[in-house]
Amino acid sequence: MDNLTQTREFIYTYVCSEEERSLCLLEMRSFFGHDSSKNIIQSPVIIDPSRSPFIKERVEVMFEGEDLADILEQVDQIHMNALTFKVVFVKINDLEKPEKIEYQERLKIERDIGWRIHGVADLHNPDEVFGVVTFGGRWYFGKYLKGEAVWLRHLKKPREYSTALSTRLARAVANIAVPNPEGINAIDPCCGIGTVLVEALSMGIHIVGRDINYLVTNGSRENIAYFGLHGEVVTGAISEVTQNYDVAIIDMPYNLYTHATPEDQLSILKHARRFSKKNVVVTIDTIDDMVAEAGLQITDRCVIRKGKSAFERQILVCE
């Protein structure tokens with residue numbers, strides 16, 4: 001039997017489509033420093049599951065053991081006092097098909113653990129939810145937190161155009177750029193109608209927006225205000241940025257409102273290098289040579305394809 005864990009550890013589970021897998025893994029690497037093809041990952045890093053469009057749930061590990069019997073023995077020390085509780089078996093794990101734990105067995109495990117906890121179970125409105133999960137050949141038990149699809153609230157904006165990033169992609173890009181918001185100053189110098197700004201601001205990221213076109217900056221301000229958020233959006237060229245930032249998120253302009261030639265794109269990258277330590281670039285073109293010419297180095301990347309079409313976006317992490 002293992003004792004109560006001395007350092008905080010968390011188990012996160014992920015859900016994504018095959019089209020989004022590359023993006024999901026890049027976000028995972030940005031959060032945790034490594035990724036996992038198994039849709040489950042363990043880390044001491046604390047992430048609110050609702051930040052990510054891909055994280056489904058999190059278990060804050062209280063106990064771990066070699067098997068379920070170890071967990072059953074350890075949960076016997078939990079006393080809920082006046083609080084009610086519920087136990088959830090986390091279905092996503094790294095077990096191979098022959099070892100998968102089916103529905104009825106999962107229910108039994110939930111009941112068996114529940115019987116060992118001193119308190120009143122409430123399946124509908126518990127004060128505390130616990131999760132049990134198997135990963136890497138071991139069993140884990142702890143406080144369970146389910147992610148909320150916050151970005152769904154931002155789908156309908158008063159100002160939109162068809163080539164803007166989706167809210168899911170914008171949220172993931174914001175996480176890739178700023179995995180830990182504490183003390184970070186970010187800028188979106190080609191912000192368009194503010195899709196990235198809305199997602200970043202809603203997660204507590206300190207970010208300012210900028211665009212050369214007053215039509216889209218007006219739209220960006222309207223979208224930010226519509227969701228009750230507060231953020232600065234300036235109308236002006238990227239060449240006029242004088243403040244330094246920790247990170248810049250650059251969705252390369254290519255739509256009918258703000259079209260950029262290759263020369264314009266190179267200029268954007270050179271200016272971003274001037275005022276930002278890290279740059280996360282979204283592009284529909286392969287611009288590796290341009291990135292190098294601007295004096296930047298690509299440290300990570302992913303490619304997102306839309307269905308069976310040839311259209312794709314690349315996300316480049318540059319420093």
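Modeller: Two residues are in contact when heavy atoms lie within 4.5 Å. This is a predicted model, in which local features need pLDDT of at least 70 and side-chain atom pairs count only at pLDDT 80 or more, while totals for chains, interfaces and linings use all residues. Residues are numbered from 1 along each chain as its sequence is written, and side-chain values use heavy atoms, with hydrogens and water left out.

Colleague: Among contacts in the chain with a separation of 6 or more, what share comes from residues 24 or more positions apart?

Modeller: The count takes contacts with a separation of 6 or more.

Colleague: Why is helix α4 largely enclosed by the rest of the structure?

Modeller: Helices are DSSP runs of H or I with at least four residues, and strands are runs of E with at least two, numbered from the N terminus. A residue is buried under 20% relative accessible area, exposed over 50% and partly exposed in between, with a 1.4 Å probe and protein chains only. The cover over the buried residues of α4 includes α1 (21-32) and β12 (276-283). Helix α4 (residues 167-177) is largely enclosed because its buried residues number 10 of the 11.

Colleague: How many disulfides does the rule give?

Modeller: A disulfide is a pair of cysteine sulfur atoms within 2.5 Å. For Cys-190, the closest cysteine sulfur, in Cys-191, is 8.2 Å away, too far for a bond. For Cys-318, the closest is in Cys-302 at 12 Å, also too far. The count of disulfides is 0.
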